[in-house]
Amino acid sequence: MLKSSLALAALALAPPLHAQTATPTPADAIDTDWRAIPDDEILVITLQGGRQSILRLAPRYAPAHVANIRKLAQAHWWDGTSVYRVQDNYVTQWGDATESKPLPPLVIANPPAEYEWTRFDGVTTLARPDSYATRTGHSADGWPLATDGKASWLTHCYGMVGVARDLAPSTGSGAELYTVIGHAPRHLDRNIAVVGRVIEGMQWLSSLPRGTGALGVYEGAGERTPILSVRLASQLPEDERPRFQYRATDNPRFAAWIRARENREPPFFTVPMGGADICNAQAPIRRAQ
């Protein structure tokens, strides 16, 4: 019985059957579907022990906050700070745990609130109704979006990165960041600036010991995970830059990929759902070949 259960679990977690064969399907990407992510949109966080977590930044949706993040990286501001909060089924947060480190020159302490914008630039639409929006989908370059018909916003899915802030009118400078490590806290949508997504090394942020203090904050300095450095890929030597590609969504192959996510097929799935949550259909990103 145990072996059967383990086999079924492995099958459930495995990639779709077409991904395990050499036979192309309508949902498979072709070479031109993969587009390069610019070096100045890739942020490399090096933790104690040389472990790296890599972020993709979203300057189109949060330009002022991302400008701050770039200035912080260029000033080496995060070097010597730490991961100081890990709240189970919620977020991992990093920055200056002492809240006393001065910001570099030209970093705006409270940029404009970039929680939503009026234009919806999604090119896909998911079939499943959403509890927090009238429509969800993806931008052409793969960001998960939601709208109520009046405003639109990036969604708080697993691995998305937001800017920690105090009570309003604080909007957060970008010096304190967090990533979602649990069930998508969509109630945070439109209340915090979302500035990116972890695209590699998520395990180094999601598997840390949980903090025992209020909201998962570590109670002692010895519990924190030191941050050795944070750099934009554009700051690194050419031969050391990690290079990534996003899968473009404005084509029939990605539309077929969404349909496959929304309609899981036998032999494992016996009850088709006819839809998927936006956080279960995040557009793929890969290391450049």
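Helices (H or I, at least four residues) and strands (E, at least two) are taken here as DSSP runs, numbered from the N terminus. The model is a predicted one, so local features need pLDDT of at least 70 and side-chain atom pairs count only at pLDDT 80 or more, while totals for chains, interfaces and linings use all residues. Residues are numbered from 1 along each chain as its sequence is written, and side-chain values use heavy atoms, with hydrogens and water left out.

Helix H2 (63-74) is a handy place to start. H2 runs for 12 residues and spans 16 Å from its first C-alpha to its last, close to the expected 16 Å; that expectation is 1.5 Å times one less than the number of residues. Ala64, His65, Val66, Asn68, Ile69, Leu72 and Ala73 of H2 are buried, where buried means under 20% relative accessible area, exposed over 50%, and partly exposed in between (1.4 Å probe, protein chains only). The buried residues of H2 pack against S2, S3, S9, strand S10 (177-180), S11 and S12, with contact meaning heavy atoms within 4.5 Å.

Now for the cores. A nonpolar core is a set of buried Ala, Val, Leu, Ile, Met, Phe, Trp, Tyr and Cys residues joined through side-chain atoms within 4.5 Å. The largest one has 32 residues, and Trp78, Trp94, Leu177 and Val195 have the most contacts inside it. At least two residues of this core come from each of several elements, including strand S2 (42-47), strand S3 (52-57), strand S4 (82-86) and strand S12 (225-232). H2 gives the most, with 4 residues. Another core, of 20 residues, lies apart from the largest one and has Ala27, Leu126, Phe254 and Ala283 among its members.

Ala168 and Pro169 are joined by a cis peptide bond with omega of about 20°, and Pro169 sits in the loop between S9 and S10. Pro266 to Pro267 is also a cis peptide bond, omega near 20°; Pro267 belongs to the loop between helix H4 (252-262) and strand S14 (285-287).

Leu106, not a glycine, has a positive phi of about 75°. Leu106 is in the loop between strand S5 (91-95) and strand S6 (135-138), and is exposed, at 69% relative accessible area. Arg190, likewise a residue other than glycine, has a positive phi near 70°. Arg190 lies in the loop between S10 and S11 and is partly exposed, with a relative accessible area of 30%.
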